[in-house]
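The following report describes a structure for a reader who is new to the subject. Please keep the sequence and the 3D view at hand while reading.

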Amino acid sequence: MSQQPNDGTPLLEVRALQARIDDKAILKGLDLTVMPGEVHAIMGPNGSGKSTFAGVLAGRDRAEVTGGSATLDGKDLLAMAPEERAVAGLFLGFQYPVEIPGVGNMYFLRTALNAQRRARGEEELDAVDFLGLAKEKMKLVEMDPAFMNRGVNEGFSGGEKKRNEVLQMAVLEPRLSILDEIDSGLDIDALRVVARGVEALRSPDRATLLVTHYQRLLEYIVPDKIHVMAGGRIVRTGGRELALELEKKGYAWVEP
Amino acid sequence: MNEAARSLLAGAESLPSAPEFVASVRRAGREAFEREGLPTTRQEDWRFTSLAPLAAHSFGRGDPAEQVTPAELERVAGKSFGPRLVFVNGRFDAGLSTAHGLPAGVHASSLHHAIAVSPALVERSLARTVAVGGRPFAALNGAFLGDGAFVHVDAAARGGPVELVFATVARDRPAACHPRVLVVADAGGEATLVETYVAIGEHPALTNAVTEVSLGDGARLDHYQVQDQPASAFHHATLAVLQGKGTRLSSHSTALGGALSRSDVLARLAGEGAETHLAGLYMADGGRLVDNHSVIEHAGPGGTSRELFKGILDGESRGVFAGRIRVLEGAVKTDAHQSNSNLLLSRDAIVDSMPQLEIYTDEVKAGHGGTVGELDADALFYLRSRGIPAAAARGLLIYAFAREMVDRVAVPALRDRLGRLVAGRLPGGVAILEGA
């Protein structure tokens with residue numbers, strides 16, 4: 001990925017974003033700005049629209065965008081196909097990674113990396129070079145190489161699936177990683193691995209958006225900003241103290 | 001008989017003379033076809049499979065003197081991976097064939113040759129497994145009985161695959177060919193047989209094959225059929241199997257081309273403890289139709305049958321699956337299961353899937369299953385979200401559905417070929433195989 005000059009352009013800028021699923025409005029005018037180099041966390045109760053927001057940014061068509069804008073590096077995200085968003089540098093870590101028997105994990109990851117490189121006019125990695133890269137990243141996420149020969153997420157435990165998400169993130173090196181409930185169902189060891197993966201990508205030209213229900217993850221990854229989402233909007237923004245307040249009081253006080 | 005049926009039968013009366021047991025098969029076939037003609041959709045077995053597109057052509061008998069060059073054959077049938085017998089419009093072509101490397105105990109020749117040198121052996125098994133009444137295509141095949149392949153598997157036979165390639169050539173006009181394969185396995189013999197069906201030429205080709213298999217007690221046959229013809233071709237294959245005690249038949253079919261492609265499998269598990277495994281993969285797009293009918297008849301006790309058919313249907317294509325399992329009186333402790341799953345890639349593709357269980361005895365385990373579905377939208381989004389373009393992502397998922405059928409092929413070179421043929425029809429092409 002080419003280095004972007006930090007000229008004050010937000011990496012992600014979301015303005016008045018609205019979206020609905022069927023006839024139900026889920027996002028009701030959401031604003032968010034993430035600058036390069038930052039780690040943000042979006043917290044909120046179930047049903048606040050957090051996952052819909054993550055999906056809308058990545059191009060999932062379950063929700064229909066009805067208003068507002070979202071740009072990545074100033075480019076209109078909402079006009080792009082999901083694969084184009086990935087090429088532009090967006091990565092979504094899934095809350096529920098999909099099992100795809102019959103498609104090899106290793107092949108899938110190499111195909112994805114090379115599709116992105118090709119679309120950016122970069123040279124593709126051959127099988128040998130890719131294997132070297134994958135091995136290095138597998139070490140980072142403490143993943144058993146045997147998993148690479150299985151189908152994508154096939155028969156993986158919840159924790160292994162999340163590790164696989166972080167592995168993909170580490171290999172694809174996105175500009176903006178959106179991790180949707182990456183911490184759900186993880187034990188302390190796995191949380192540590194996820195945190196290490198996020199830290200390894202931290203750089204002045206990248207950013208991370210953590211979407212989570214619990215503040216536990218934030219003991220391992222310290223965000224620059226925390227947003228509280230409720231009723232399809234960001235209702236409060238603050239620092240670490242906001243997470244602790246949520247931990248103490250629960251979400252009842254932010255309900256719209 | 002209508003005009004189309006009459007043209008199909010033209011030439012049946014002027015075949016070269018043959019021994020009486022061959023002539024009587026021809027006569028019986030001709031008479032049955034004259035009586036019944038081409039089936040219509042009013043007949044239960046043809047309810048969803050209209051032969052109107054076939055009847056629109058006037059098929060003459062494909063010229064057995066037609067010549068095919070080795071390069072031409074390789075283009076449609078691929079390279080050989082062992083001994084290969086090639087038949088051009090039904091005629092054995094020694095020049096295109098390589099008999100070298102036949103496994104010990106497996107004797108493969110043209111049927112014409114076998115009739116001349118071992119008439120008693122051929123007579124004992126010919127036309128014993130399939131009745132022509134109610135099966136007009138088998139009748140038509142009988143009416144033209146002359147050449148094709150004879151494979152004799154003796155008791156000591158083991159080992160590698162033998163491939164039979166049938167090329168129907170229609171260069172100047174629509175042409176029909178009715179090849180017959182006769183497989184006789186003596187008690188305890190084991191063999192692997194691959195039938196490859198291709199067509200050459202600009203005009204529609206009709207291939208109407210009948211394969212008869214008799215398995216003596218304890219014999220095993222690994223059998224494959226690959227139909228890779230142009231989209232203009234018509235294909236009908238009848239596979240009739242008679243299984244003795246403790247026999248094992250595994251038959252794997254792949255139907256890739258053809259405007260209309262139909263397979264009828266009739267397996268009779270006569271002896272105790274016989275085992276039948278049928279597997280089929282079919283792909284169609286455009287307005288093509290692919291039909292798999294099977295009847296598995298458990299006549300002896302303790303038999304096992306397994307059927308797995310998978311279809312991939314795009315465009316306005318139509319898939320038909322009718323699998324009948326009959327468990328006759330006395331076939332106690334039968335264990336039968338069948339499954340038919342279909343992947344519909346377009347809203348206009350249709351599949352009619354009809355499992356049928358007929359059970360006339362107690363102590364039977366029998367069941368069926370299967371699915372009809374579209375590509376998994378979540379899986380598609382997952383792949384695309386990683387940067388894989390939509391078309392390539394679809395290709396990966398379609399191959400993932402088909403893969404199990406390719407992986408079942410026990411002959412490595414054939415497995416590779418099938419993988420390439422299947423993946424080659426998908427967006428993303430054969431590169432998909434690197435991940436398989």
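What is the order of the strands in the open sheet of four strands of chain A? The order is E2-E1-E4-E5, with antiparallel pairing. Strands (E, at least two residues) and helices (H or I, at least four) are DSSP runs numbered from the N terminus, and two strands pair if DSSP finds at least two bridges between them. The model is predicted: local features need pLDDT of at least 70, side-chain atom pairs count only at pLDDT 80 or more, and totals for chains, interfaces and linings use all residues. Residues are numbered from 1 along each chain as its sequence is written, while chains are lettered from A and ligands numbered from 1 in the order in which they are written.

**The sheet of chain A**

Strand E2 (24-34) and strand E5 (75-76) of chain A stand at the edges with a single partner strand each, so one side of each has no neighbour in the sheet. Strand E1 (residues 12-21) of chain A is joined to E2(A) by eight bridges, and the two run antiparallel. Opposite A:Ile21 stands A:Lys24 in E2(A). Helix H1 (residues 50-58) of chain A lies across E1, E2 and strand E4 (64-72) of chain A, at about 70 degrees to E2(A). Such angles run from 0 to 180 degrees between N-to-C directions, with axes fitted to C-alpha atoms, for helices over the stretch in contact.

**Where the chains meet**

Two residues are in contact if their C-beta atoms, placed from the backbone, lie within 7 Å. By this rule, 23 residues of chain A are in contact with 17 residues of chain B. On the side of chain A that touches chain B, helix H2 (82-87), strand E7 (100-104), helix H3 (105-119) and helix H5 (158-172) of chain A each give two or more residues. The largest share, six residues, comes from H3(A). The predictor gives the complex an ipTM of 0.95 and a pTM of 0.93.

**Chain B**

The mean pLDDT (the predictor's confidence in each residue, from 0 to 100) of chain B is 95. An automatic or database domain assignment supplies the domain bounds, and chain B is divided into domain 1 (3-271) and domain 2 (376-436). Their centres, taken over C-alpha atoms, are separated by 31 Å. The contact takes 12 residues from domain 1 and 10 residues from domain 2 of chain B. Strand E9 (190-200), strand E11 (220-227) and strand E13 (248-255) of chain B each give two or more residues to the domain 1 side.

E13(B) is largely enclosed by the rest of the structure, because six of its eight residues are buried. A residue is buried if 20 or more other C-beta atoms, placed from the backbone, lie within 10 Å of its own, exposed if 12 or fewer, and partly exposed in between. Eight bridges join E11(B) to E13(B), which run parallel, and B:His223 has B:Ser251 in E13(B) as its bridge partner. E13(B) is also joined by eight bridges to strand E15 (residues 275-284) of chain B, again running parallel. There, B:Ser251 stands opposite B:Leu278 in E15(B).

**Two residues with positive phi**

Neither residue in the table is a glycine.

| Residue | Phi | C-beta neighbours inside 10 Å | Class |
|---|---|---|---|
| A:Glu142 | about 50 degrees | 14 | partly exposed |
| B:Ala127 | near 60 degrees | 24 | buried |

A:Glu142 is in the loop between helix H4 (127-140) and strand E8 (151-152) of chain A. B:Ala127 is in the loop between helix H6 (119-125) and helix H7 (136-143) of chain B.
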